[in-house]
Each structure stands twice: as structure tokens, then as C-alpha cells.
Amino acid sequence: MSETSYMLMVIATVALATFATRALPFVFFNSREPPELLSTIEKNLPPMILLLLLIYCLKDVQWFQPPYGAPEIFTIVSVTALHVWKRNAMLSIFAGTGLYMLLIQFDVLSFLFG
Amino acid sequence: MNHESEKLFLSALRTTLPVFFGYIPLGIAFGFLLAGAGYHWIYALVMSIFIYTGAGQFIAVALLAAGAQLMDFVTVTLLINLRHSFYGLSLLDKFSGVGKVKPYLIFALTDETYALLTTTRVPEGASKARFYFYISALDHLYWIVGSVLGAVLGSMLRLNLEGLTFVLAALFVVLTIEQYYASRTRFPFMAAIGAGVISLMLFSPENMLLFSIVIGTLILMVHEKITKRGHADLPDTEIYPKEEK
């Protein structure tokens, strides 16, 4: 198999496998009703998954060595406070990201761990 | 485009702006990786158009570099992306009646697009199908542009973008808070913290998301079963829609 056709096979395979995971529930529950238990937790899934996605963003944080996740925690607390206060999504997101970039690029919190 | 759909498009554009700032650097990083592994930028374009998944594409490059078998690509991709099946479960209702864009919406259901679709309200009087399509297609476009940019520029670009991808974490913070205000029960958040902390401790970083979603869903189901049994003689309050504020 040539390099190009191997590559195209791989791309097609990964594309199909990815689409399968996304389409599975729609195909499965296309012609039948989802079980009652599932439909009751259905609306509790988005809040849970969103918070899990946030926790997932912290998966590579080294909690037990400096800076002990301080830039991440500090940024998340700031974004939360700003958002509860102003309720302006764009402001909260971009001010928070700018803050985080400052904190890590200039190692601002390093004084805490002298 | 007429005036109405132009307004709707701009609204979708504003909604997806944080994803733009997340997907462009992430896409660039993917492009760098693929170019670094010796592949032409055209593959970045093809992969990002047809595969369109963040972690999955990064891992595909790693498997390519290792010369893996096709079966390995299937297994790894299914495991990495199985979480998407849970996303669809909570969108069965939302996606019913969106018409011919439905297959595309399902195809383009990434973490970030899921987050936006489940939290953003469709503007008053606008078409849900159109709005969802704009959001999904814009996010897709950002990913494509970012990855091609990264593959073309290779390591020529020397911008210090360190930390920019935290924009996605900030997006999830804001969307979680919005869900908190909109949700009548606090239990999903407690379930998430429990499942998240357990998974952080027990599983490797690349596996934790799927496992945490599975554990969290189980917690929700058990909780639902227990509270249901406890209130078997009471009318089911769940069937009365909450007053919208």
C-alpha cells in the first residue's frame, strides 16, 4: 500500500469511527423511545458534563509541585467572580484568559512559593 | 443573506468567539504536529474537514508516527470519542425537528459545540436549525483554518501563545455558571465534582474525561432511582415545566 493510500485509509477510518460515536444515540433512539430513566437524567447531563469538561481542562495541572495549580485556581475564581458580578460572558472569558496568560508567561505567582 | 439571517449569523459569530480563540491555537498546534511528523499540509485540511475532533486527531498523528494498524486507529478513536455518545443523549429532543442539517450537526458535535448548543438560547423568533448550523459550522471552520495555518507555517511562527487555550477552560466556567442559574437542581454539579475528582485520581489524563462522564452518569441514574422510589406516592414534579424567568 502506498503512503498516500495508507494515509487516506487512516483518515477515512478515524473519520468514520468519530462519526459513529457522535451518531450512536441518534441511531439507537431513532425509532424507539429512550427509557424513562434516561429521559429524566437527560436534562441533568449538560450541567454535569460542562463541569466535567472544566475539570478535564485541569487534568495536566501538577497539584503537588510549584505553582500547585495556583494560576489555574486563581483564574477560575476570578472568572467566576467576574461572571457572577457582571454576567457578561465575553468579558469574563477574555479577561480571564488574558489574566491566565500573564500569570503563566511572567510567572507572576512564583513569589508565593519563594 | 437577508437582514434576519444576517443578524442571526452575527449572533452565532459572537457566541462562537471564545471557541475561535481556542480552536485557532489548538488547530495550529495540531498543524505543527502533523507538519513535524513530515506530512503535507493538505492532510491537515482533509483531516480537519472530515474527522474534526481535537484529541482524536492529535492521537491519530501519534499512531501514524508509530506506524499503527488500521484496527488500532479504530479502537483508540472509539475509546477517545465515546464521550460524544453521551452528548447526543441529551440532544435527542433539541435536534428533533431541525430538518436536513441534522446529520451535519451530529457530525460536528465537538465538546465545545456541545457546550454552546446546550447553553445558548436561540434568539427570539429565529430558526433553531439555522442558528445551530451557524454555530456548528463556524466552530468547524475555525478548527480547519487553525490546523491548515499551523501546518503551513510549521515552526516559522514564533508567537508566545502559551496559555491562550485556557480560553476554553474560561468558556466552560462561564457556561457552567449559566447552567447553574438555569438549573433547578444542584445535584448534577455535585455529581460532576465527585466523578471528576475520582477520575483525576484514578485514571490517566487522556482517559479521565470518558470515565468521569460514565461515573457521573451512573451517579445521576442511581440518584434518580433513589429519589423516585422515595417519592413514589407523590406526583412527579418533573413533568411540570419550570417557570421561565
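Visitor: How many residues does the largest nonpolar core have, and which have the most contacts inside it?

Guide: The largest nonpolar core has 88 residues, and those with the most contacts inside it are Leu52(A), Leu53(A), Leu54(A), Ala170(B), Leu171(B) and Phe172(B). This is a predicted model, in which local features need pLDDT of at least 70 and side-chain atom pairs count only at pLDDT 80 or more, while totals for chains, interfaces and linings use all residues. Residues are numbered from 1 along each chain as its sequence is written, and chains are lettered from A, with ligands numbered from 1, in the order in which they are written.

Visitor: What makes a set of residues a nonpolar core?

Guide: A nonpolar core is a set of buried Ala, Val, Leu, Ile, Met, Phe, Trp, Tyr and Cys residues joined through C-beta atoms within 7 Å.

Visitor: Why is Met47(B) called buried?

Guide: A residue is buried if 20 or more other C-beta atoms lie within 10 Å of its own, exposed if 12 or fewer, and partly exposed in between, with C-beta atoms placed from the backbone. Met47(B) has 27 C-beta neighbours inside 10 Å, and therefore it counts as buried. Met47(B) lies in helix H2 (residues 41-50) of chain B, where helices (H or I, at least four residues) and strands (E, at least two) are DSSP runs numbered from the N terminus.

Visitor: Which residues is Met47(B) in contact with, leaving aside its neighbours within four places in sequence?

Guide: With those neighbours left aside, Met47(B) is in contact with Ile11(A) and Gln57(B), contact being counted if the C-beta atoms of two residues, placed from the backbone, lie within 7 Å.

Visitor: What does each chain bring to the contact between them?

Guide: Chain B brings 69 residues and chain A brings 55 residues. On the side of chain B, helix H9 (residues 166-182) gives the most, with 13 residues. Ala170(B), leaving aside its neighbours within four places in sequence, is in contact with Val79(A), Ser92(A), Ile93(A), Gly96(A) and Thr97(A).

Visitor: How do you know that the span of helix H8 of chain B is close to the expected one?

Guide: The expected span of a helix is 1.5 Å times one less than its number of residues. Helix H8 (residues 128-153) of chain B has 26 residues and reaches 37 Å from its first C-alpha to its last, which is close to the 38 Å expected. After H8(B) comes Gly154(B), whose phi is positive, near 55 degrees.
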